[in-house]
Amino acid sequence: MSFTLTKALPDDSELVARLLKKDSAAFNDVVTAWYSPMYYVASSIAGDAIADEVVQEAWFSVLRALPKFEGRSSLKSWVMRIVTNEAKTRRRKESRSTSLEQIEDGWATDPRFTANEHWNTPTGYWSGDSPDALMQAEELQNCIEKNIQKLPDNQRSVLMMRESGAYSLDDICNILNVTSSNVRVLLHRARDKVLQVIDRFEREGTC
């Protein structure tokens, strides 16, 4: 993965004013600065195959809605919300089988996770250094990634955004428009399913 240095953006009021004036330089700067996080959100919800298309469609929506931007949140958070909505719209799948209101809050006392929702003790397969161990770790990683794609939309989104280290819990709440307690529940359930995959792999050697 390569990283490109981007110039600092002006404050939101100036940026919005320039975008409304169809300032192409401002638009190019903001697209360059925010493409990676927008793509990550789109990918976490809709999958890699259409993430780039989702981001492009989101920018069309941003430009159409920009005159109505009221500044109640940062411009970046507002844009991320539009990406999220676009990704959810594009994601075609069955409705979630369990409502957030019915999910138990067992995450709060689960010893496998810290109070900050991080793994308490990483699995042994994540630290192997022999060729066999590394190969097995790669197989496990592929298995985990495959099963993450099967998670319900919000569980997968919260897990990927949190594990990337790029988003705080508050960021995730704002992007997905859910409460902090729901974010923690979604994160706990997603990680619990990942641990089930890891446990099965360690016991049986199969995905």
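Reader: Which residues have the most contacts inside the largest nonpolar core?
Author: W34, M38, V41, L75, W78, V79 and L176. That core has 51 residues. A nonpolar core here is a set of buried Ala, Val, Leu, Ile, Met, Phe, Trp, Tyr and Cys residues joined through side-chain atoms within 4.5 Å. Buried means under 20% relative accessible area, exposed over 50%, partly exposed in between (1.4 Å probe, protein chains only).

Reader: Which helices supply at least two residues each?
Author: α1 (12–20), α2, α3 (48–65), α4 (75–90), α5 (131–148), α6 (153–163), α7 (169–176) and α8 (180–204). Helices are DSSP runs (H or I, at least four residues), numbered from the N terminus.

Reader: And which gives the most?
Author: α8, with nine residues.

Reader: Where does this model come from?
Author: It is predicted: local features need pLDDT of at least 70, side-chain atom pairs count only at pLDDT 80 or more, and totals for chains, interfaces and linings use all residues. Residues are numbered from 1 along each chain as its sequence is written, and side-chain values use heavy atoms, with hydrogens and water left out.

Reader: Back to L75. What is it in contact with, beyond four places in sequence?
Author: D12, L15, V16, L19, W34, L66 and F69. Contact means heavy atoms within 4.5 Å.

Reader: New topic. At what angle do α4 and α7 pack?
Author: About 55°, with the axes 8 Å apart. Axes are lines fitted to C-alpha atoms, for helices over the stretch in contact, and angles run from 0 to 180 degrees between N-to-C directions. So α4 is oblique to α7. Under 35 degrees is roughly parallel, over 145 roughly antiparallel, 65 to 115 roughly perpendicular, and the rest oblique.

Reader: Which residues make that contact?
Author: M80, R81, T84 and K88 from α4, and N174, I175 and L176 from α7.

Reader: T84, then: buried or exposed?
Author: T84 is buried, at 0% relative accessible area. Outside four places in sequence, T84 touches V41, I45, I175 and L176.

Reader: What about Y35, where does that lie?
Author: In helix α2, residues 24–46. Y35 has 29% relative accessibility, so it counts as partly exposed.
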